[in-house]
Amino acid sequence: YKGLEVFASDGNNKLPFHAFSALPMITCPGLGDCLAFCYSFKAFRYPGAFMRQLVNTCRLMSVKGRQEITNAFMAIPNNETVRLYVDGDIHNLTTLTYWFNLAKARPDLRIYGYSKSWEIFLDYAKTGQDFPTNYILNLSGGSKYESPIFANIKAQVSQLPIVRGEFIAVKTGIHMPKGNTSKEIRKSDNWLKYQQAVMDAAKKLGYGKTYVCPGRCGDCSIKIHACGNPALTIPIAIAVH
């Protein structure tokens, strides 16, 4: 694994944070309809991104590999923002416990993520261990738990202290406007039309007021990016892309 970084830390105009990824699908026990539109597979076009997903998945499976992740995590500069799982998901309780122990060891970091592995988070709650106070979870849409038969699980996981709210992808007939920053996107001619289309699609799914994601994780809000803001509890929605 030597030479391949654990965290993508150089940033880009979509995600200027330290970011961890693993392989999609095989690490996603909660996957559902999301498999049809999962953006992570598009990263396979880029050898570096695919190899980071693959190698990180392998790292999580061994003591030596997890030590490499630990070393990289502990080396992140103070007071940074970390996104766990841009691609892939928490695949078992051992992995979730491992990440939460790391988060507790670095209370200065602001850590957030999205997950469809809801039962694993509930299993962690049953262990009686504390949740890290510096981790925020967005309940990712498109999972198998969207089925009414899992309504109880959704209700339970929504009550966990780490949960900000839901992040959903909706189908619309319009694509997100282009721009290098959220400000540029929101100033584009098509933003209001796109925003309304996303809100209408979310409403058809039974959601009320929603915050429409402009697609840029670092600058969508002035103070705290929406998905990492525990005060913003309404669903965040984006068009399938």
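Visitor: How do the axes of helix H2 and H3 cross?

Guide: Two packed helices are described by the angle between their axes and the distance between the axes. In this predicted model, helix H2 (residues 63–74) and H3 have axes that come within 11 Å and cross at roughly 25°. Angles under 35 degrees count as roughly parallel, so H2 is roughly parallel to H3. The handedness of the H2 and H3 crossing is right-handed.

Visitor: Which angle is found between the axes of helix H4 and helix H5?

Guide: For helix H4 (residues 118–126) and helix H5 (residues 151–158), the axes come within 10 Å and the crossing is at roughly 55°. H4 is therefore oblique to H5. This crossing of H4 and H5 is left-handed.

Visitor: How many bridges join S1 and strand S2?

Guide: S1 pairs with strand S2 (residues 81–84) in the parallel sense over three bridges. At the level of residues, phenylalanine 20 has leucine 84 in S2 as its bridge partner.

Visitor: How many cavities of 30 Å³ or more does a search of the whole structure find?

Guide: The search finds one cavity of 30 Å³ or more. The largest cavity has a volume of about 40 Å³.

Visitor: Which residues line the largest cavity?

Guide: Its lining consists of Leu84, Tyr85, Ile90, Leu96, Trp99, Phe100, Gly113, Tyr114 and Tyr135. Helix H3 (93–105) and strand S3 (110–115) each supply at least two lining residues, and H3 gives the most, with three residues.

Visitor: What is the make-up of the lining of the largest cavity by class?

Guide: The lining of the largest cavity has eight nonpolar residues, one polar residue and no charged residues.

Visitor: What volume does the second largest pocket have, and which residues lie nearest its centre?

Guide: The second largest pocket has a volume of about 370 Å³. Its lining comprises 13 residues, of which Asp33, Gly142, Glu146, Ala169 and Leu205 lie nearest the centre. By class, the lining of this pocket has eight nonpolar, two polar and three charged residues.

Note on methods
Residues are numbered from 1 along each chain as its sequence is written. This is a predicted model: local features need pLDDT of at least 70, side-chain atom pairs count only at pLDDT 80 or more; totals for chains, interfaces and linings use all residues. Side-chain values use heavy atoms; hydrogens and water are left out. On a 1 Å grid over the protein atoms alone, a cavity is a set of points where a 1.4 Å probe fits but cannot get out, and a pocket is an open set with protein on both sides within 12 Å along at least five of seven lines; lining residues have an atom within 4 Å of a point. Grid points are joined across faces, edges and corners, and a volume is the space filled by probe spheres set on the points. Helices (H or I, at least four residues) and strands (E, at least two) are DSSP runs, numbered from the N terminus. Ala, Val, Leu, Ile, Met, Phe, Trp, Tyr, Cys and Pro count as nonpolar, Asp, Glu, Lys and Arg as charged, and the others, Gly among them, as polar. Two strands pair if DSSP finds at least two bridges between them. Axes are lines fitted to C-alpha atoms, for helices over the stretch in contact, and angles run from 0 to 180 degrees between N-to-C directions. Angles under 35 degrees count as roughly parallel, over 145 as roughly antiparallel, 65 to 115 as roughly perpendicular and the rest as oblique. A crossing is left-handed if the near helix is turned anticlockwise from the far one by less than a right angle, and right-handed if clockwise.
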